[in-house]
Amino acid sequence: MHRRQFLQYCTVQTLASVAMSGVPVAGIAAQVNANTSQYLQKEIPSSGEKLNVIGMGTWQTFNVGSDEKLRLSRTKILRTFFTSGGQMIDSSPMYGSSQSVVGDGLQQLHHPKSLFAADKIWTSDGDATAADMQESLSHWQLEKFHLLQVHNLVNWQAHLPRLQALKEQGKVKYIGVTTSHGRRHDELEKIMKSHAIDFVQLTYNMTHREAESRLLPLAQEKGIAVIANRPFDGGYLVDRLKRSSEAIPDWARDLGCKNWPQFLLKYIVSHPAITCAIPATSKVVHMKENMGALVGAIPTEEQRKHMLQYLLALV
Amino acid sequence: MPALGILNVSDLSTYAVEDFIPIDREVFFRLFERQNEFAWPFHLLALGGMVFVFVQVYRQQFRFIPALLAVALVVVGYSFHLRLFSELSWTANYFAAIYFFLAGLLLLTEALCWNKWPGKVDSISPLRCNFGMGLSLFGGVFYPLTVAFVRDSIAGSEFFSITPDATMLFVMGVLFMLPVIHRGLFVLPFLWCVISGIIWYGLDWYPGLVLWLLAGVSCAFGLWTMLRHRESS
C-alpha cells in the first residue's frame, strides 16, 4: 500500500468510527465528504462515470413526516452512509415525506459532494414532468438531480420524451425508468430496446433473478446502467438468514463478506450488468453492515454460483 | 380516466397492496405516541364520553349519542389522519373522508331520530344490545389494553376519540345498541376495519388483524339478526 493510499484508508476509517460514536450531527457535517475512489465501483455505460456499487433506497424507511426524533435518526443514517463511501440515494414522490427527510438530512450534512441524487417522476399527468421534478428538487433542497426515472412506468410514453428534453437542456444528467417486484418486464424490455435511456431500475436479488434471463443481458448490450432494488427482498432474506443462526461460511469471508447482508449485496453487484444496489434501512447498524459490501473482492462467476447454491440450501 | 390521488385508476392494477403502505411499523407506532402526547389530557374527556354513552344506553335515552360519536370521529379524522398520517401517505386524506362522512351521517341520524327516541326501544333485541355492548367495550377498553400489552407501551396504544381503530370499533359497537337507525350506517365502520386490517397486515403486525375478525363477526351477526327479524315478522 502506498503512503497516499494508506492515509486515505486511515481517514475513511477514522470518519467511520466517529460516525458510529454518536457525535452530534453538526459536529461531523463538514467531514462527510469521504474519498470514494477506494470502494468497489462500476461504470455508468452511457458516460463512463464511476459509481460506488452500494447506494441506498428510501422506501418506507425515510418516510417519517415531521417527527423530529425520527428525522434526527435518519440524518445519522445518512451520515453513516456518506462516511462509509455511499453515493447514490434513490427516492420518489410516492414515498410520502422521504424526499424532504433526505433533503433535511443533506442540509444538515452540508450537502456531501459525493451525493448521486436519484429521484422519480410519479404522476399520470404527462404535462407535469418538469413540475414534478421541480417539486421533488425543492424537497431535496437541490438544484439538479443526477438521475430522474419514470416511476413504475407511469405514463412513460409522455414522460420519457420530456425527460430527454430536460437532459438535453442540462437540467438532469441521466434518465431512466423503474419497476419493482418483477412487474411489467415485457414493457420494460420494449422501452430498453426502443428508447435511449441511461438507467433502468428493477428488482434483483438472490431469490428473485428473473431479470437475468432477458433484461440484464439486454442492458449490457444496450449500454444501460442497472440499479437493483429490493436486494434483501424487502428484508425477508436478511431476517430469514439471521433467524436461521447459520453463520456466514469461511470462504465468503475471503470475499470480504462479514455478515449476511454483505453476502447478499456482493452477489447482486457482482453481476456484470448491475451497476448499483440500493438497500434501505432505518438503523445505523444495518447501514454499516450494508456499506461493508463496498470493500473487498467482487465474486467471480464461479464464486457466484457457489454463493447461490449455498444460499438456496438455507432459505 | 378517473384519478385516485395522482394515479389513474388504470395504473392501480400495476401496484401491490404494500405499495400503498409507504411506512414501516416503527414510524406508524410513533404516530400513536405523538397523537397521545398531543391529545393528553383529552383522553379523560373521551373516557367521560364513553361512560356517558353507556349510561344513556342503560337509561334508554339515545339522544346526543350520535352527535357525541360524530365529534369523536371528526377529532380523529382531523387530528390523526389529516394532521399526522397524511404527512406519510396521501391515502390518509381518503381515510379522513371516511371519518368525516360517517360523522355527517351520524349527525343526520341524530336529527332524523330526535323525535323517535326514546320510543321504539323494543325494536332492538337484548342479544343485539349485548353484542353492541361487547364490541364497544372491546374497542373502548380491551383493544387499548391489548395494544398496550402487546407493544409494552401505554403511550403508543390506541384510545377512543384519539386514534382510529379504537374509535371506529367503539362507534360500531354503539351503533348495534341504537334503535331505529339505518343499516347503511354500518358500512363505513366495516370498511374501516377492512382497511385498517390491510394496513396492519402490510406492516406485519398480526394482532391488528383482530379488526378483520371483528368486521367479519359483526357483519355475520348483523345479517343473522336481520334475517331472524324478517322471519319473525
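In this predicted model, the largest cavity is lined by B:Phe28, B:Phe32, B:Phe80, B:Glu158, B:Pro164, B:Asp165, B:Trp192, B:Ser196, B:Ile199 and B:Trp200. A cavity is a set of points on a 1 Å grid, over the protein atoms alone, where a 1.4 Å probe fits but cannot get out, and lining residues have an atom within 4 Å of a point. The whole structure holds one cavity of 30 Å³ or more. Its volume, the space filled by probe spheres set on grid points joined across faces, edges and corners, is given in the table below. Helix 2 (25-39), helix 7 and helix 8 of chain B each supply at least two residues of this lining, and helix 8 of chain B gives the most, with four. Helices (H or I, at least four residues) and strands (E, at least two) are DSSP runs numbered from the N terminus.

The second largest pocket has a lining of 25 residues, with B:Arg128, B:Arg183, B:Gly222, B:Thr225 and B:Met226 nearest its centre. A pocket is an open set with protein on both sides within 12 Å along at least five of seven lines. Helix 7 (164-177), helix 8 (187-202) and helix 9 (210-232) of chain B each contribute at least two lining residues; the most come from helix 9 of chain B, with ten.

In the classes below, Ala, Val, Leu, Ile, Met, Phe, Trp, Tyr, Cys and Pro are nonpolar, Asp, Glu, Lys and Arg are charged, and the others, Gly among them, are polar.

| Space | Volume | Lining by class |
|---|---|---|
| Largest cavity | about 50 Å³ | seven nonpolar, one polar, two charged residues |
| Second largest pocket | about 680 Å³ | 14 nonpolar, seven polar, four charged residues |

In chain A, helix 7 (residues 185-194) and helix 8 (residues 215-222) pack at an angle of about 10°, with their axes 10 Å apart. The axes are lines fitted to C-alpha atoms over the stretch in contact, and angles run from 0 to 180 degrees between N-to-C directions. Helix 7 and helix 8 of chain A are therefore roughly parallel, a term for angles under 35 degrees. Contact (heavy atoms within 4.5 Å) involves A:His185, A:Leu188, A:Glu189, A:Met192 and A:Lys193 of helix 7 of chain A, and A:Leu215, A:Leu218, A:Ala219 and A:Lys222 of helix 8 of chain A. Five nonpolar, one polar and three charged residues make up this contact.

Chain A also has an open sheet of eight strands, with parallel pairing and the order 3-4-5-6-7-8-9-10. Strand 3 (56-57) and strand 10 (274-277) of chain A are its edge strands, each pairing on one side only. Pairing requires at least two DSSP bridges between two strands. Strand 3 of chain A is joined to the parallel strand 4 (residues 88-90) of chain A by two bridges, and A:Gly57 stands opposite A:Asp90 of strand 4.

Most residues other than glycine have a negative phi, and most peptide bonds are trans. A:His181, in the loop between strand 7 (172-178) and helix 7 of chain A, has a positive phi of about 60°. The peptide bond from B:Trp40 to B:Pro41 is cis, with omega near 10°. B:Pro41 is in the loop between helix 2 and helix 3 (42-58) of chain B.

Residues are numbered from 1 along each chain as its sequence is written, while chains are lettered from A and ligands numbered from 1 in the order in which they are written. In this predicted model, local features need pLDDT of at least 70 and side-chain atom pairs count only at pLDDT 80 or more, whereas totals for chains, interfaces and linings use all residues; side-chain values use heavy atoms, with hydrogens and water left out.

Note on methods. Parallel < 35°, antiparallel > 145°, perpendicular 65-115°, else oblique.
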